[in-house]
Amino acid sequence: MIQPKVIFLDAVGTLFGVKGSVGEVYGEIARDFGVDVPASVLDAAFYKSFQQSSPMAFPGVEPEQIVAREFEWWSAIARSTFQAVGAIDQFSDFETFFIQLYTHFATALPWTVYPDVRPALEHWHNAGIKLGVLSNFDSRLYLVLKALDLAEFFTSITISTEVGAAKPEPEIFIKGLEKHECAAEAAWHIGDSFDADYQGANAVGIRGIWLKRT
């Protein structure tokens, strides 16, 4: 097998994941605001809200507006989550709750790095392969990668909110390739989503590798 020039990796679900569940994190912080909902109930409501949302990409938005749009996008999902479980009216100050929740996910605290990640990154780095993150995430990813001591491995970070296109759209893959001046056939992309990562990468000529975590 020919060694790739660049390997792109997805972020959440590939490099790192949420400790426990999203519902556990939402529930823990909500309890600080006097709102108590079972984690499993919140988890189901969150994923339904997340799946029904539009892609986290804001084509045509000026760069200085991206952070605000990211915040609004996630605020809508959190609000929808608590509305779905009938708990939104229990908050005396939902905005303050959400600011704390949003800030929490920009730290290392809610995340865990999968045990196979660092050995793989070190192996590829020692082999002279350039590494990049290519993710449908928001600009907090820069902080999270630093907090998890992963940032040092990557020479590029390409996220959907900055590109204005989310995987599996070709634009985000093309932007990642351009950052490395790399032809599609000389790159791999590894991710946990069959549609967004595997099929999206293959559609532009990048070798897609589906990482099916259980």
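Predicted model: local features only at pLDDT ≥ 70, side-chain atom pairs only at ≥ 80, totals over all residues.
1. Leaving aside neighbours within four places in sequence, Ser156 is in contact with Phe8, Leu131, Gly132, Val133, Lys179 and His180, where contact means heavy atoms within 4.5 Å. With His180 there is also a polar contact, at 2.7 Å, between the two side chains. A polar contact is a pair of N or O atoms within 3.5 Å; within protein, one must be able to donate a hydrogen and the other to accept it, and residues adjacent in sequence count only if both atoms are side-chain atoms. Ser156 belongs to strand β5, residues 156-159. Its relative accessibility is 7%, so Ser156 counts as buried; buried means under 20% relative accessible area, exposed over 50%, and partly exposed in between, with a 1.4 Å probe and protein chains only. Helices (H or I, at least four residues) and strands (E, at least two) are DSSP runs, numbered from the N terminus.

2. Residues are numbered from 1 along each chain as its sequence is written, and side-chain values use heavy atoms, with hydrogens and water left out.

3. Rings of Phe, Tyr and Trp (its six-membered ring) pair if their centres lie within 6.5 Å; planes under 30 degrees apart count as stacked, over 60 as edge-to-face and the rest as tilted. The count by this rule is 23 aromatic pairs. One of them joins Phe16 and Trp111 edge-to-face, with 5.1 Å centre to centre and 75° between the planes. Phe16 is in strand β2 (residues 16-18) and Trp111 in strand β3 (residues 111-113), so this pair ties together parts that are 95 residues apart in sequence. Both Phe16 and Trp111 are buried. Trp111 also forms an edge-to-face pair with Phe105, at 5.5 Å centre to centre and 65° between the planes. Phe105 is buried, as is Trp111.

4. Two arginines are placed over tyrosine rings. The charged end of Arg140 sits over the ring of Tyr102, 3.7 Å from its centre, and that of Arg213 sits over the ring of Tyr114, 4.0 Å from its centre. The rule requires NZ of Lys or CZ of Arg within 6 Å of the ring centre and within 35 degrees of the ring normal.

5. How many of the 10 residues of helix α1 are buried? Seven are, so the helix (residues 22-31) is largely enclosed by the rest of the structure. The buried residues of α1 are Val22, Gly23, Val25, Tyr26, Gly27, Ile29 and Ala30. They pack against β2, α2 (39-52), α3 (66-84) and α4 (94-104).

6. The largest pocket has a volume of about 990 Å³. Its lining consists of 38 residues, of which Val12, Tyr47, Phe50, Trp74 and Asn136 lie nearest the centre. At least two lining residues come from each of β2, α1, α2, α3, α4 and α9 (194-203), and α2 supplies the largest share, five residues. On a 1 Å grid over the protein atoms alone, a pocket is an open set of points where a 1.4 Å probe fits, with protein on both sides within 12 Å along at least five of seven lines; lining residues have an atom within 4 Å of a point. Grid points are joined across faces, edges and corners, and a volume is the space filled by probe spheres set on the points.

7. Most residues other than glycine have a negative phi, and most peptide bonds are trans. Lys167 and Pro168 are joined by a cis peptide bond, with omega about 15°; Pro168 is in the loop between α7 (160-163) and α8 (170-180). Asp149 has a positive phi, near 60°, and lies in the loop between α6 (141-147) and β5. Glu181 likewise has a positive phi, near 50°, in the loop between α8 and β6 (187-191). Asp149 counts as partly exposed at 48% relative accessibility, whereas Glu181 counts as exposed at 71%.

8. Lys48, in helix α2, is exposed, with a relative accessible area of 53%. Its C-alpha atom is 9.4 Å from that of Ile77, 29 residues apart along the chain. Thr96, in helix α4, is partly exposed, with a relative accessible area of 36%.
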